[in-house]
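This report goes through one protein model, from single residues to the whole chain. Please look at the sequence and the structure before reading on.

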Amino acid sequence: MPSRNPGVLTQDWEPVVLHKSKPKAQDLRDPKAVNRALRSGAAVQTIKKFDAGANKKATTAPVVNVRKLEEGTEPAALNRVAPEVRLAIQKARLAKNLSQGDLAKQINERPQVVQEYENGKAVPNQAVLAKMERVLGVKLRGKIGK
């Protein structure tokens, strides 16, 4: 067995330095921490917020009625199906002996859609009108009856 020569023993360890963790921002805003810092003479930064916590209306801004603002930006009423189109759909459907449900199945829409078009409550969709034109064989888009 080979003999081990212990030789000179040295320490290879690096020194470990522990640091305190930085305080969190929420802890720095705590009134107790601010008072403690003021008492110890540390620098404390203060910022005045404009109208912070005040429940007052600004006197410089003009008072605007929200309802008037909304009416000005949004259209008052959406375009609905014209009466000529409603009647053309009803006449063509009845001429082909189709119920509203049958027409809806043929154009792959719900029966409520056909009902809304015939009652004039629907907002016209060109794709749905094109499907109805194809199935019923009647012109529903563009100038009707003119």
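The model is a predicted one, in which local features need pLDDT of at least 70 and side-chain atom pairs count only at pLDDT 80 or more, while totals for chains, interfaces and linings use all residues. Residues are numbered from 1 along each chain as its sequence is written, and side-chain values use heavy atoms, with hydrogens and water left out.

Asn108 sits in the loop between α5 and α6 (111-119). Helices here are DSSP runs of H or I with at least four residues, strands are runs of E with at least two, and both are numbered from the N terminus. The phi of Asn108 is positive, near 60°, although the residue is not glycine. Asn97 is another non-glycine residue with a positive phi, about 55°. The loop between α4 (83-95) and α5 (100-106) holds Asn97, which counts as exposed because its relative accessibility is 69%.

Which loop holds Glu109? Glu109 is in the loop between α5 and α6. With 25% relative accessibility, Glu109 counts as partly exposed. Apart from neighbours within four places in sequence, Glu109 is in contact (heavy atoms within 4.5 Å) with Ala104, Val128 and Lys131.

Glu109 and Lys131 are 22 residues apart along the chain, and their C-alpha atoms are separated by 9.6 Å. Their side chains make a polar contact at 3.1 Å. A polar contact is a pair of N or O atoms within 3.5 Å; within protein, one must be able to donate a hydrogen and the other to accept it, and residues adjacent in sequence count only if both atoms are side-chain atoms.

## Helix α7

Helix α7 covers residues 126-136, and its buried residues are Val128, Leu129, Met132, Glu133, Val135 and Leu136. These buried residues pack against α4, α5 and α6. An α-helix has 3.6 residues a turn, so residues three or four places apart point the same way.

The N-terminal end of α7 is capped by Asn125, with a side-chain oxygen 3.1 Å from the backbone nitrogen of Ala127. Just after α7 comes Gly137, with a positive phi of about 75°.

## The largest pocket

The largest pocket holds about 300 Å³ of space. A pocket is found on a 1 Å grid over the protein atoms alone, as an open set of points where a 1.4 Å probe fits, with protein on both sides within 12 Å along at least five of seven lines; lining residues have an atom within 4 Å of a point. Grid points are joined across faces, edges and corners, and the volume is the space filled by probe spheres set on them.

Residues lining this pocket include Ala25, Leu28, Arg29, Val34 and Ile47. Both α1 (25-28) and α2 (31-40) supply at least two lining residues, and α2 gives the most, with 3 residues.

## The whole protein

The protein has 7 helices and 0 strands. Buried residues are 17% of its 146 residues. Of the contacts between residues at least 6 apart in sequence, 52% join residues at least 24 apart.

How values were computed: Buried means under 20% relative accessible area, exposed over 50%, partly exposed in between (1.4 Å probe, protein chains only).
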